[in-house]
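Thanks for passing this one along.

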Amino acid sequence: MSAQGAHDFRINEVFVLGCPKQCPMTAADDSGYVSPSMLKSCPKPEFYVDEYGEPASWIEIENTSYTTHDLRNCFITTDRAVLDKSMSAPDREQLMSLIPAGDPRTLISGKQRLTFFTGHRNRGTLHTTDVIRLKAGEPNWIAIYDGNAVDLLDSVTVPALKPGQTYARLSDGTYQVCEASEATPNAPNQEYHNDKIREFKEKDPHGFAMTLMCMAVV
């Protein structure tokens, strides 16, 4: 029953920390990683912060079912090396961050979400170990694995984001890039639709009118 419930977890929204001013003094290190300490010389951005008031990259996971499931003992990883099926479970675990047991917050009710900050595991359950690194300004692959470190529960490749943007999951399973004002950590993601485009699709479902318009323009 526990294993079945784990497959209902999805990566719901991701934020990659980067300096909003792209300050030369706070550029990423050689690996593209930006740590909170690198932002000290930047004006403090209005980010969703951890329990200590510090900004950090974060990964939000949603329980997409209507039943309560526990995320404890699952793993988060950002290392594609774990996709190698020949890798042993102990070796996989070295590249993953375990979600510890014993914290009631990991028991996620149906259609609810929990956000994890990257790094500083000493700050509590909602922080990953330092093996989780999201690189600013470039694509990032993120995955969650079941407690055996072998079964992949969900994964997503986050495109290169501008400072302040997030990558959010929609109700149909696709993702959209959101601006800082649209970020919704621990809350349902907002979905945006172009009403004019939707109306045009309804009136011209087969594209005949669009074709005639294009021919007329040419």
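**Notes on the predicted model**

1. Let's begin with charged pairs: there are 4 salt bridges in this model, a salt bridge being a side-chain nitrogen of Lys or Arg within 4 Å of a carboxyl oxygen of Asp or Glu. One of them pairs Arg 123 with Asp 50, and their closest N and O atoms are 2.6 Å apart. Arg 123 sits in the loop between β7 (113-117) and β8 (140-145) and Asp 50 in the loop between β1 (9-15) and β2, so this pair ties together parts 73 residues apart in sequence. Arg 123 is partly exposed at 22% relative accessibility, while Asp 50 is buried at 6%. Here buried means under 20% relative accessible area, exposed over 50%, and partly exposed in between (1.4 Å probe, protein chains only).

2. A word on the ground rules before going further. This is a predicted model, in which local features need pLDDT of at least 70 and side-chain atom pairs count only at pLDDT 80 or more, whereas totals for chains, interfaces and linings use all residues. Residues are numbered from 1 along each chain as its sequence is written, and side-chain values use heavy atoms, with hydrogens and water left out.

3. Two further salt bridges deserve a look. Glu 62 and Arg 113 meet through their side chains at 3.2 Å, N to O. Glu 62 belongs to strand β2 and Arg 113 to strand β7, so the pair ties together parts that are 51 residues apart in sequence. Glu 62 is buried, at 10% relative accessible area, and Arg 113 is buried too, at 12%. Arg 72 pairs with Asp 70, with the closest N and O atoms 3.5 Å apart; here Arg 72 is partly exposed at 43% and Asp 70 is partly exposed at 25%.

4. Now the overall picture. The protein has 4 helices and 11 strands; these are DSSP runs numbered from the N terminus, helices being H or I of at least four residues and strands E of at least two. Of its 218 residues, 40% count as buried. The accessible surface is about 12100 Å², and carbon and sulfur atoms hold 53% of that (Shrake-Rupley method with a 1.4 Å probe; for residues, only the protein chains shown count as cover). Among contacts between residues at least 6 apart in sequence, 62% join residues at least 24 apart, where contact means heavy atoms within 4.5 Å.

5. Which residues of the largest nonpolar core touch the most other members? Of its 24 residues, they are Ile 59, Ile 61, Leu 71, Ile 76, Phe 116 and Ile 142. The elements giving two or more residues to this core are β1, β2, β7, β8 and β9 (152-158). Apart from it lies another core, of 7 residues, including Phe 75, Val 82, Trp 141 and Tyr 145. (A nonpolar core is a set of buried Ala, Val, Leu, Ile, Met, Phe, Trp, Tyr and Cys residues joined through side-chain atoms within 4.5 Å.) Beyond four places in sequence, the residues that Ile 59 touches include Ile 11, Ile 76, Phe 116 and Ile 142.

6. Setting aside neighbours within four places in sequence, Ser 97 is in contact with residues including Cys 74, Phe 75, Arg 121 and Val 131.

7. How many disulfides are there? The count is 0, taking a disulfide as a pair of cysteine sulfur atoms within 2.5 Å. As for individual cysteines, Cys 178 is buried at 1% relative accessible area, whereas Cys 214 is partly exposed at 40%.

8. Finally, some loop residues. Thr 67, in the loop between β2 (58-63) and β3 (69-70), is partly exposed at 46%. Leaving aside neighbours within four places in sequence, Thr 67 is in contact with Ile 108, Ser 109 and Gly 110. Thr 67 and Ile 108 are 41 residues apart in sequence and 8.6 Å apart in space, C-alpha to C-alpha. Lys 111, in the loop between β6 (107-108) and β7, has a positive phi near 65 degrees without being a glycine. Asn 186 likewise is not a glycine but has a positive phi of about 65 degrees, and it is found in the loop between β11 (175-178) and α3 (195-203).
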